[in-house]
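Read this report with the sequence and the 3D view side by side. Each section takes up one part of the structure and defines its terms as they come up.

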Amino acid sequence: MSELQTLAKDPLPYGLGALLIDHIGIAVHNLEESSSSYRALGLTAEGEDETIISQQVKVRAFRISESLLELLEPTSSQSPIASFLEKKGAGLHHIALRVADISAEVSPIKRFGARFINPEPRPGRSGSQVVFLHPKWGNGVLIELVEHH
Ligand code: CO
């Protein structure tokens, strides 16, 4: 059994296994236009739209049980979401896993060769702290780790 398999069986040093999908990020051109599909599914936007300066996006969140669907509209052409929309069009952008202690999570994941877009946590929605793992490392999936206070 590899060290990684051992850790997966024993979530204590790793932590991720005990937690949950915090949100799924969806890149959109326009929050208002793209909300209608989610409203048709019976979902309601939670709270006010929030602008996240560090990521240059405006976010609208729809709650599904413990998780959120977050619609992400770029606030500038420099936004990572703007370049995603240009390259791939609207659609699934990232999944976010909730962790208890983001600073403690970064170094064990690094030991297994993880590549980070930003290993230093930065502000996310609702006062959270987030890091992003490189999509090449995540098998084509952009994975965000998020800690709520
Ligand atoms: Co996110």
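## Terms and helix 4

Helices (H or I, at least four residues) and strands (E, at least two) are DSSP runs, numbered from the N terminus. The model is predicted: local features need pLDDT of at least 70, side-chain atom pairs count only at pLDDT 80 or more, and totals for chains, interfaces and linings use all residues. Residues are numbered from 1 along each chain as its sequence is written, and side-chain values use heavy atoms, with hydrogens and water left out.

Helix 4 covers residues 102–111, and its buried residues are Ile102, Glu105, Val106, Pro108 and Ile109. Here buried means under 20% relative accessible area, exposed means over 50%, and partly exposed lies in between (1.4 Å probe, protein chains only). After helix 4 comes Gly113, which has a positive phi, near 85°.

## The cobalt site

Which residues coordinate the cobalt ion? They are His23 and His94, each through NE2, and Glu144 through OE, at 1.9 to 2.1 Å. Along the chain these donors follow the spacing H-x70-H-x49-E. His23 is in strand 1 (residues 21–27) and His94 is in strand 5 (residues 91–98), so the pair ties together parts that are 71 residues apart in sequence.

Donors are N, O and S atoms within 2.8 Å of the metal (3.2 Å for Na, K and Ca); water is not among the atoms, so sites may look incomplete. Both histidines can be checked for burial. His23 counts as buried because its relative accessibility is 3%. His94 is also buried, with a relative accessible area of 5%.

## The largest pocket

Pockets and cavities are found on a 1 Å grid over the protein atoms alone. A cavity is a set of points where a 1.4 Å probe fits but cannot get out, and a pocket is an open set with protein on both sides within 12 Å along at least five of seven lines. Lining residues have an atom within 4 Å of a point. Grid points are joined across faces, edges and corners, and a volume is the space filled by probe spheres set on the points.

The largest pocket holds about 540 Å³ of space. It is lined by 20 residues, and Phe84, His93, Ile117, Pro135 and Leu142 are the closest to its centre. Helix 3 (80–88) and strand 5 are the elements that give two or more residues to this lining. Helix 3 supplies the largest share, six residues. By type, the lining has 12 nonpolar, five polar and three charged residues. In this count Ala, Val, Leu, Ile, Met, Phe, Trp, Tyr, Cys and Pro are nonpolar, Asp, Glu, Lys and Arg are charged, and the others, Gly among them, are polar.

## The cavity

How many cavities of 30 Å³ or more does the structure hold? There is one. The largest cavity contains about 120 Å³ of space. Its lining has 17 residues, and the closest to the centre are His23, Ile52, Glu70, Arg125 and Glu144. His23 and Glu144 also coordinate the cobalt ion.

Two or more lining residues come from each of strand 1, strand 3 (57–64), strand 4 (67–74) and strand 8. Strand 4 gives the largest share, three residues. The lining of the largest cavity divides into seven nonpolar, six polar and four charged residues.

## Salt bridges

A search of the whole structure finds five salt bridges. A salt bridge is a side-chain nitrogen of Lys or Arg within 4 Å of a carboxyl oxygen of Asp or Glu. In one of them, Arg63 and Glu46 meet at 2.6 Å, N to O. This pair links distant parts of the chain, with Arg63 in strand 3 and Glu46 in strand 2 (residues 45–52), 17 residues apart. Arg63 is partly exposed at 36% relative accessibility, and Glu46 is partly exposed at 30%.

Glu32 and Arg39 form another salt bridge, with their closest N and O atoms 3.6 Å apart. Glu32 is partly exposed, with a relative accessible area of 47%, and Arg39 is partly exposed at 41%. Asp49 and Arg60 also meet in a salt bridge, at 2.8 Å, N to O. Asp49 lies in strand 2 and Arg60 in strand 3, 11 residues apart. Salt bridges that share partners join Glu32, Arg39, Asp49 and Arg60 into one network.
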